[in-house]
Amino acid sequence: MKSYIKNIIVLVVTVVVAFIASMDFLSMHKIEKIGDNPNITEIKMLSEYSPRLKGTSLDTEVYFFDSGVEGGTFLILGGTHPNESAGLVAATALIENIEVEEGRVIIIPRTNNSGFTHTSPFDGMQDFFTLTLSDGSERTFRVGNRLTNPVHQWPDRNYYEGTSGRTIYGTENAEVRNVNRLYYGTEDGVLTEQVCYGIYNLILEENVSITMDMHEGSPEFLYLDCTMVNMKRDNTTAMSIASDMALSMNFDDLDMRAEYSGVTSYGLSHRSLGDNTDSMMTLMETYNPSMGPLHGKMDDDLLINGNEPNYYEAHNDGYIYFDVPEDGYPLLERVARHMTCIRYLSEAYSWEYPDEAITISGIPEYQEIVDGGFDLILKPL
Ligand SMILES: [Zn+2]
């Protein structure tokens, strides 16, 4: 009789713990709101370009800003890797603020919509971070993971060959859930690859002229404050445009360089979308200390202030190439950097192709954003 009661108690405690834990997991499936902007002309779903995504957790919103004036089309991707938070926040800020005066801008804020619904297991990750605006209102964003949630795409196959010819196997096999390994994609591939196909097909159908894929990297990564550019055999203008942008950023005292994408970087957006479409492909990375293995406690100081003393020390000891600032590299500065990069890319594109201009207003100068804080770029909701 005694053991019977014990069993009941264990069962009840298990159900209570499982219930509390499931509430926590389910809260990560709630998509953060994006503020209204009267300049949005249409919101579509990516499944309109990759039909099998419809009804799945990888379908995602595509925001259109059509000036009605003839010009080029700029596609901006945020959230390819959800844990690279500056990409989501910059895409959100652009959607809430821009006006397009010539040409069109298309923004996908959560490119891997499923990746936002989980975090890296056993890594002490925080699920959310909250930015408080001066009126006291709060904007909360999910931290997410760089890969599709295994709840939505499972199991990881032992061997997978993407459309680019990239093979994924062995210790890399979880990369079959990485959007930025499976371009240009196919509509009957794994769900993550269907996202790639949707973006590829969108570029073709909407005649996209230039694309920016916004990323962040761990402090160990060698391509921080760097823009990768597709090296098309017959076209060097993307590098000329990216170099104009990098020069403009350096004039603003912002480190930036442009490099050609690796010849074997198959499956990555800047390589395989550039090779298989007419869009100029660019991908920019900012420093994110929460992504590296040396990071300490995952808290707002790390996620929002970008402050990780271990990395400052590691840089001073000669182990980290990137010039880690002593006071951290705040999320606001990384978001401002992405927005500035996009502003200068659109300007450089318009100088190079005046008949296909893409003129965007509503993106403040870098220093204005840093001085004005998130108040200047995010709306109270
Ligand atoms: Zn990334």
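Here is a short walk through the chain, stop by stop. Keep in mind that this is a predicted model.

**Stop 1: the two domains.** Colour residues 1–30 as domain 1 and 35–376 as domain 2. Their centres, taken over C-alpha atoms, are 39 Å apart. For the places where they meet, look for five residues of domain 1 in contact with 10 residues of domain 2.

**Stop 2: the largest nonpolar core.** Next, select Phe 74, Val 105 and Phe 374. Out of the 63 residues in the largest nonpolar core, these three touch the most other members. The top contributor to this core is helix 8, which supplies 11 residues. As a general point, nonpolar side chains in soluble globular proteins tend to be buried together.

Zoom in on Phe 374 and show what surrounds it. Setting aside residues up to four places away in sequence, Phe 374 touches Val 89, Leu 131, Leu 133, Leu 331, Leu 332 and Val 335. Another core, of 27 residues, lies apart from the largest one; Ile 106, Tyr 160, Ile 199 and Tyr 200 are among its members.

**Stop 3: helix 8.** Select residues 331–352 to bring up helix 8. From first C-alpha to last, its 22 residues reach 32 Å, close to the 32 Å expected at 1.5 Å a residue. Why call this helix largely enclosed by the rest of the structure? Because 18 of the 22 residues of helix 8 are buried. While you're here, show the side chains of Arg 343 and Tyr 344: the charged end of Arg 343 sits over the Tyr 344 ring, 4.6 Å from its centre.

**Stop 4: the aromatic pairs.** How many aromatic pairs does a search of the whole structure find? It turns up nine. Start with Tyr 287 and Phe 322, which are stacked, at 4.9 Å centre to centre and with 10° between the planes. This pair links distant parts of the chain, 35 residues apart: Tyr 287 belongs to strand 13 (residues 280–287), while Phe 322 is in the loop between helix 7 and helix 8. Tyr 287 and Phe 322 are both buried. Then select Tyr 184, Tyr 197 and Tyr 200, which ring pairs link into a cluster.

**Stop 5: a threonine to finish.** Go to helix 2 (residues 85–97) and pick out Thr 92. Is Thr 92 buried or exposed? Thr 92 counts as buried because its relative accessible area is 1%, and the cut-off for buried is under 20%. Beyond its neighbours within four places in sequence, Thr 92 is in contact with Ile 34, Arg 139, Phe 141 and Leu 378.

Key
Residues numbered from 1 in each chain as written. Predicted model: local features only at pLDDT ≥ 70, side-chain atom pairs only at ≥ 80, totals over all residues. Heavy atoms only, no water. Phe/Tyr/Trp six-rings, centres within 6.5 Å; stacked < 30°, edge-to-face > 60°. Helix = DSSP H or I, 4+ residues; strand = E, 2+ residues; numbered from the N terminus. Buried < 20%, exposed > 50% of the residue type's maximum accessible area, 1.4 Å probe, protein only. Lys NZ or Arg CZ within 6 Å of the ring centre and 35° of its normal. Core = buried A, V, L, I, M, F, W, Y, C linked by side-chain atoms within 4.5 Å. Contact = heavy atoms within 4.5 Å. Expected span 1.5 Å × (residues − 1). Domains from an automatic or database assignment.
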